[in-house]
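Here are my notes on the model you sent over. They go point by point, with the cut-offs given as each term comes up.

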Amino acid sequence: MLATKSSVIPGFGPTLGYTLFYLGLIVLIPLAALFFRAAGMGWEQFVQAAFAPRVLAAYRLSFGGAFIAAAINVVAGLLVAWVLVRYEFPGRKLFDAMVDLPFALPTAVAGIALTAIYAPNGVIGQLLRPLGIKVAFTPIGVVIAMVFIGMPFVVRTVQPVLQDLELEHEEVAASLGANRLQVFCLVILPNLLPALVTGFALAFARALGEYGSVIFIAGNMPGISEIAPLLIVTKLEQYDYAGATAIAVVMLVAAFLMLLVINTLQKWRQSRFTAN
Amino acid sequence: MMIDARNVRKTFGTFAALNDVSLQIAEGEMVALLGPSGSGKTTLLRILGGLEFPDSGSVLFDGGDATKVAARDRCVGFVFQHYALFRHMTVFDNVSFGLRVRSRAERPSKQEIARRVHHLLSMVQLDDLATRYPSQLSGGQRQRVALARALAIQPRVLLLDEPFGALDAQVRKELRRWLRRLHDELKITGVFVTHDQEEALDVADRVVVMNQGRIEQIGSPTEIYDRPATPFVYQFLGNVNALPCQIRNGRAEIGSLVLPAPAYAGVSSAAGMAFVRPHDLQLSRPGEGEGALAVVHHVTVLGPTVRVELMMGEQIVEAETTRQRFSELGLASGQQVQLWPREARFFLRDGWEGTSFQSREELARSSAML
C-alpha cells in the first residue's frame, strides 16, 4: 500500500474513498452509460455511424482545429503571461482580469460576437473580404472561436510558473555570455515547458469539447465546417441516440488517449531531472 | 584584472544602497566585502558584475570604462549564494553553458569544450558526476559546479555573492580553504560578499567593511581586526566591550577606572566611548596591582578559554581569560575581581546629544591606542 498507517498526512482511507465515490458519480458512471449505449448496437452499425465520411470530416475539423488553436494559444498565451508578469504598466490589473473573460462568458455570446465581427459585413470581416479571406462560416472561423475560449488556460497555467522563475538564472546566463534569445530559449523556456504543455492540453481539451461559440461562426456546412459535437447534437435531434453515442465514444477515447500521451510525456520529462 | 569603482551611488526608491563608494582592486587580489545586511555590499558586487547599473559614478576595468557594459560582455564569473544552477541541465551542460552560447566563430570545438569541462570538473573534484542533474547533488557539490561554470569562460574577475552562505559549517570551512587554494593557483582577481567576519578574515587578502551604503574601512584582515577605524568596525568584527566614558585632558574615565588617552590632550571634557576586546581585559585578585573592582556575574568555559561576565557598577563587561588563569584566580559567581584593560581605544561622542559618533575621519585622527 502507498500510505502506511504511520503516515504524516492522515485520512488516506476516507479521502481516497471520497475521491473514488465522487469521480464515479460525476465522471465514470455517465461515461460508462455512454459505452453501454454504444455497445447496444452491433459492430457494423457502430462503424457505420462513427466512421461515415461526413463524421470523419467532422473529427478532422474538431481534432485538427483544436490542435491548431491550442498551438496558437501556447504562443499567444505565453506572450500575454510574460507581459502581465514581467512588466509594470498602468491598467495591468485590468488586463489581468480580462484574461478570464472567455471563462465567464456564455459561449453562445462569444459565438455571436465573433460571428458579428468576422462575418463578411462585420468590422474585421469587411477588411478581410478584399483580401479574399473568409473567416466566418469556414474552418478558419472554427479555429478562431477555439482560440478565443482556450486562451485563459495557457495564460493561467504559465503565469504562476513565470512568476516563480528566479531571475538569478537569467542573470547567471547573461554573465556567462548568453544573449537574450539564448537566455530565453535555453534557460527560461525549458522551465516553462511543463506549464506550457499542461496549458496546451487544457486548451486542446476545451476546444475539442466546445460547442456553443463554434456553431455560430462555423456555418456548419457538412464535410467542411461541421464539428463533431454538432453532429452529435444533430443526431440527437433526429432521435438517432445510437449514432450520437457512437460518435461520442470515438471522441472520448481519442481525447483520453491524447491527454494520456501528453501527461505521460510530461511525467517522463519531469522525472529526468527531478529524480533524487 | 584591475577594478576601479569611482564615487558609485545607487538608490532603490528612497533607500540609498550605495552612497558615494570608491574602491580599487588590484590585479590578482582577493577582496571581501563585509557588512551586515542592507550595507550595500551585494549591490556593489552586482554593479561590478553588470547586473545592476549605478545612478552615478563609474566602474573601470583595467582603466577602461565599463560602467555601461552589459553583463554578457564583461567576461565576469558570477556565483550566487543559491548556486543558480540550471535545473534542466546536467552538470556537464551547466559547466559548458558559457562556452556553448558563444558565437560560432569564438566557440571552441565539441572536443575542446568537453576537454575543458572535464578539466574544470576534475579541478572541483566532481568529474564522475558530470551526467548528474543538480537536484542529485549536495549543497557543497552544487556550489562547486557553480564555480566551475563561472570559471569555464575564463573570466577576468570572479564575483561571489555569499558563496557559502547556504552551506553548513563543516562544508563551508572546507570550501573556504578550497577557494583560497584555487585563487592562489589561478591568480584570478576575486571579490566576494559575506556577512561572516571569520570568512572574510580567512579567505581575503583585503577586507572592505561596509555599513549603510558606505565603506567604513579597507585593510588587510589583521589591520581590520587590530586597528578598527570606527566604532562600527569595532563592534562588527569580533566581540568588544563598549563602555561609556568621560574624556578629560588626555585621560579617559570609565567609572573609577582612569586610563591615559594622550590623543585627546586638547579635549577638556567630552563624553566618549571606550572599546576593549574581552581578551585584552586582565583579571587579578582585588588589591593586586591596578584596576577597577568588578563582581563576577557568570562564568562560561569554552574549551581552552573561559568567558567571564562581570558587573562593573551598572555596566556588564565581558572578559576572556585562559583556563589556567581562571583556576589560579578560582573565579566563581559573586566574587570580586580587579579589572585592567591592557589595550583600549576611545571615540568621542558628538556634541551634547551624545547619541551619534563624530565623522569617521575625525575619529580616526583623534583616536588613540594605550
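**Notes on the model**

1. Over all chains, the structure holds 24 salt bridges, a salt bridge being a side-chain nitrogen of Lys or Arg within 4 Å of a carboxyl oxygen of Asp or Glu. Bear in mind that this is a predicted model, where local features need pLDDT of at least 70, side-chain atom pairs count only at pLDDT 80 or more, and totals for chains, interfaces and linings use all residues. Residues are numbered from 1 along each chain as its sequence is written, chains are lettered from A and ligands numbered from 1 in the order in which they are written, and side-chain values use heavy atoms, with hydrogens and water left out.

2. Chain A has 13 helices and zero strands (DSSP runs numbered from the N terminus: H or I of at least four residues for helices, E of at least two for strands). Its pattern along the sequence reads α-α-α-α-α-α-α-α-α-α-α-α-α. Taken along the principal axes, the C-alpha atoms of chain A fill a box of roughly 65 × 65 × 30 Å.

3. Now the interface. On the chain B side 23 residues are in contact with 21 residues of chain A, contact meaning heavy atoms within 4.5 Å. About 2200 Å² is buried between chain B and chain A, 57% of it on carbon and sulfur atoms; buried area here is the accessible area (1.4 Å probe) that two parts lose on being put together, summed over both.

4. Which side chains meet in a salt bridge between chains A and B? The rule finds one salt bridge across the interface of chain B and chain A. Glu171(A) and Arg46(B) pair up, at 2.5 Å from N to O.

5. Within chain A, helix H9 (residues 167-175) packs on helix H10 (residues 180-209) at an angle of about 140 degrees, with the axes 10 Å apart. Axes are lines fitted to C-alpha atoms, for helices over the stretch in contact, and angles run from 0 to 180 degrees between N-to-C directions. H9(A) is therefore oblique to H10(A) (under 35 degrees is roughly parallel, over 145 roughly antiparallel, 65 to 115 roughly perpendicular, and the rest oblique). The contact uses His169(A), Glu170(A), Ala173(A) and Ala174(A) from H9(A), with Val183(A), Val187(A) and Ile188(A) from H10(A).

6. Elsewhere in chain A, helix H3 (residues 53-86) and helix H12 (residues 228-237) cross at roughly 140 degrees, their axes coming within 8 Å. H3(A) and H12(A) are therefore oblique to each other. H3(A) brings Arg54(A), Val55(A), Ala58(A), Tyr59(A) and Ser62(A) to the contact, and H12(A) brings Ala228(A), Pro229(A) and Leu231(A). By class, that contact of H3(A) with H12(A) divides into six nonpolar, one polar and one charged, where Ala, Val, Leu, Ile, Met, Phe, Trp, Tyr, Cys and Pro count as nonpolar, Asp, Glu, Lys and Arg as charged, and the others, Gly among them, as polar.

7. Over in chain B, Glu112(B) forms a salt bridge with Arg115(B), with the closest N and O atoms 3.2 Å apart. Both Glu112(B) and Arg115(B) sit in helix H3 (residues 110-123) of chain B, three residues apart, about one turn of the helix.

8. H3(B) also packs against helix H4 (residues 139-152) of chain B, at an angle of about 140 degrees and with the axes 9 Å apart. That makes H3(B) oblique to H4(B). The contact is formed by Arg116(B), Leu120(B) and Met123(B) of H3(B) together with Ala148(B), Leu151(B) and Ala152(B) of H4(B).
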